[in-house]
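Good morning, colleagues. Please keep the structure open as I speak.

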Amino acid sequence: MSTAQSDNTVFDYLVVGGGAAGSVLAARLSEDSDVTVALIEAGPSDENEPRALQLSRWFEMLEGEYDLDYLSVEQERGNSHIRQARARILGGCASHNTMIAFKTPTEDLDSWVAAGAQGWDGQTLRPYFDRLQVPIQPVIPEHRNPFLTDVTTAAQTALGVPAVDDWNDGELRTGAGFFPVGYDPQTGVRGSSSVWYVHPVMHERANLSVLLETTALTVEFDGLRATGVTVKNPDGTTTLLSARREVILSCGAIDTPALLIRSGVGRQSDVTALGIPCVIDLPGVGENLMDHPEGLVIWESTVPMSEPRVSDWDAGILARFDGDNGFPDLMFHLPLMTFGVHAERLGYKLPENTVSITPNVPRPKSRGRVWLESADPSVPPKIDYRYFTDPDGYDETMMLKGVELARQIAATEPMKSWIVREVFPGPDVEGEELAELVRRTNHTVYHVSGTCRMGSIDDPQAVVDPQLRVRGLESLRIVDASVFPILTTINPMVTLYMMGERASDIIRTGVI
Ligand SMILES: Cc1cc2nc3c(=O)[nH]c(=O)nc-3n(C[C@H](O)[C@H](O)[C@H](O)COP(=O)(O)OP(=O)(O)OC[C@H]3O[C@@H](n4cnc5c(N)ncnc54)[C@H](O)[C@@H]3O)c2cc1C
């Protein structure tokens with residue numbers, strides 16, 4: 001230990017991870033000047049990093065110095081070459097994502113309640129969307145790219161979905177249009193929780209300490225009570241930080257289960273096999289990994305994609321497999337940049353000018369896993385997505401339907417006039433050949449979640465109860481994407497913000 005216990009190592013709350021959810025939570029908890037809060041963040045501040053602050057520059061951060069860039073194990077059926085971006089910077093993945101900002105659909109929250117997350121219903125959660133401090137609105141008219149306008153128009157004709165102006169106005173429905181986005185249209189500043197919750201208070205509030213470039217190594221316990229966290233400081237020394245009230249983990253869906261297992265919380269046989277004494281046997285830690293698998297169709301375009309654009313991922317389509325217009329079960333991003341690396345790896349040569357549509361499966365049934373092979377914190381966690389392994393083949397069927405609908409959209413005016421030819425998978429690729437190509441090139445949408453899932457107190461696979469308390473332990477909660485019982489149909493960031501807000505109320509009042 002480099003530092004003896006003193007006041008600056010003892011706090012009421014330790015929030016570990018200053019990402020999407022953790023930043024909201026630490027800012028809200030520290031509104032009460034009678035408590036002290038330490039926000040422990042492995043990365044540096046985003047305050048002077050223009051690539052993090054300006055939404056349009058997000059791609060410059062991908063696979064760069066702030067990206068933990070996790071690889072997976074060899075995939076049984078899906079793509080084995082996915083690089084899972086995880087940002088190590090204040091704001092977490094909300095500092096380098098594309099800020100698509102959907103309010104959580106009531107249908108999703110109802111499915112959480114059905115999975116044992118009592119008190120997380122749509123009606124209870126709605127006020128938390130209304131009190132968010134981040135700017136969210138549909139891409140403003142001046143920033144709407146004409147190609148995207150044409151694709152969404154073609155989708156309305158091809159799929160029979162309505163035009164949508166604001167998906168956050170009312171309940172989620174099928175449609176085509178520009179996305180709600182977290183950004184300030186005047187300045188281009190992203191709507192991250194670090195910018196809008198932490199920056200305004202981090203140098204002002206005496207009771208909030210933001211400990212940057214400080215990595216939690218293990219959670220410490222006295223019996224079954226979490227008492228603190230051992231951290232690695234920026235200079236490489238270690239310190240024990242103590243929590244008078246609670247330790248709250250917000251490290252995200254990969255690093256939270258990793259931190260728990262390293263601290264002796266997980267499946268007993270897995271924990272002890274690493275030489276770590278088991279604090280409590282919780283077999284659900286690291287299980288239930290979910291992500292939206294995303295496919296890809298690429299066309300040669302008649303012209304290069306021009307401005308304006310906000311993040312390149314500004315518009316999309318929500319549709320249904322059966323062609324109805326109820327709650328969507330297919331999503332399509334309409335990127336202005338083609339992410340063709342996985343097609344190129346298989347030998348496809350992309351022409352200079354391309355456009356693409358990326359269908360994804362919003363309610364995937366496949367489940368993967370995160371685990372550790374070493375107790376050494378410098379060894380990355382192991383990830384197995386197990387894409388397309390659900391026994392009924394639902395995920396693959398939906399993805400292939402998505403490719404079919406994407407081709408229909410491209411064959412419809414006014415998108416048709418922008419297209420020269422289909423480049424990937426190729427117009428003649430069908431059947432099992434198409435299915436195999438789709439599996440070998442699927443990408444992540446970076447929506448990993450569910451690895452410490454919330455459930456009822458008597459559910460042996462649940463890791464946290466509906467108050468987000470780790471089952472069987474005291475003074476330890478999880479507030480991040482790992483607690484999702486079921487992945488949201490839409491992009492999850494706003495749900496993480498709402499969860500940070502709700503967690504602050506639950507912690508303050510003890511009531512759900
Ligand atoms: C490239 C990309 C694009 C995306 N685009 C969108 C989008 O457009 N819309 C959308 O809704 N979602 C999007 N997402 C997903 C969204 O950003 C995540 O779901 C969300 O940020 C997860 O929030 P979280 O609080 O669970 O974790 P994170 O935001 O990942 O935060 C975790 C934090 O914990 C810190 N940390 C980890 N381990 C430790 C440790 N041991 N000690 C201390 N700190 C630690 C990390 O540095 C990080 O700051 C995208 C993600 C990526 C990567």
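I begin with Tyr446, which is found in the loop between β20 (443-444) and β21 (476-478). Before going further, two conventions. Residue numbers start from 1 along each chain as its sequence is written. The model is a predicted one: local features need pLDDT of at least 70, side-chain atom pairs count only at pLDDT 80 or more, and totals for chains, interfaces and linings use all residues. Helices (H or I, at least four residues) and strands (E, at least two) are DSSP runs numbered from the N terminus.

Tyr446 has a phi near 65 degrees, a positive value in a residue other than glycine. Is Tyr446 buried or exposed? With 22 other C-beta atoms within 10 Å, Tyr446 is buried. The cut-offs are as follows: 20 or more other C-beta atoms within 10 Å of a residue's own make it buried, 12 or fewer make it exposed, and anything in between is partly exposed, with C-beta atoms placed from the backbone.

Arg386 also has a positive phi, near 55 degrees, in a residue other than glycine. Arg386 sits in the loop between β18 and α10, and Arg386 is buried because 20 other C-beta atoms lie within 10 Å.

Asp376, by contrast, counts as exposed, having 10 C-beta neighbours inside 10 Å. Asp376 belongs to the loop between β17 (369-371) and β18 (382-384). The C-alpha atom of Asp376 is 9.4 Å from that of Leu274, although 102 residues separate the two along the chain.

Next, the cis peptide bonds. One runs from Glu307 to Pro308, with omega near -5 degrees, and Pro308 is placed in the loop between β13 (297-301) and β14 (315-319). Another runs from Phe424 to Pro425, with omega near 0 degrees; Pro425 is in the loop between β19 (419-424) and α11.

That brings us to helix packing. How do the axes of α10 and α11 cross? Helix α10 (residues 394-410) and helix α11 (residues 431-441) have axes that come within 10 Å and cross at roughly 105 degrees. Therefore α10 is roughly perpendicular to α11. Angles under 35 degrees count as roughly parallel, over 145 as roughly antiparallel, 65 to 115 as roughly perpendicular and the rest as oblique. Axes are lines fitted to C-alpha atoms, for helices over the stretch in contact, and angles run from 0 to 180 degrees between N-to-C directions.

On the α10 side the contact is made by Glu396, Met399, Leu400 and Val403, and on the α11 side by Leu434, Ala435, Val438 and Arg439. Contact requires C-beta atoms, placed from the backbone, within 7 Å. The buried residues of α11 are Leu437, Val438, Arg439 and Thr441, and these pack against α9 (341-345) and α10.

Finally, the ligand. Its shell holds 40 residues, the closest being Gly17, Gly19, Gly92, Asn97 and Met493; a residue is near if its C-beta atom, placed from the backbone, lies within 6 Å. At least two shell residues come from each of α1 (20-29), β7 (215-222), α7 (252-262) and α12 (493-509).

Key
Contact = placed C-beta atoms within 7 Å.
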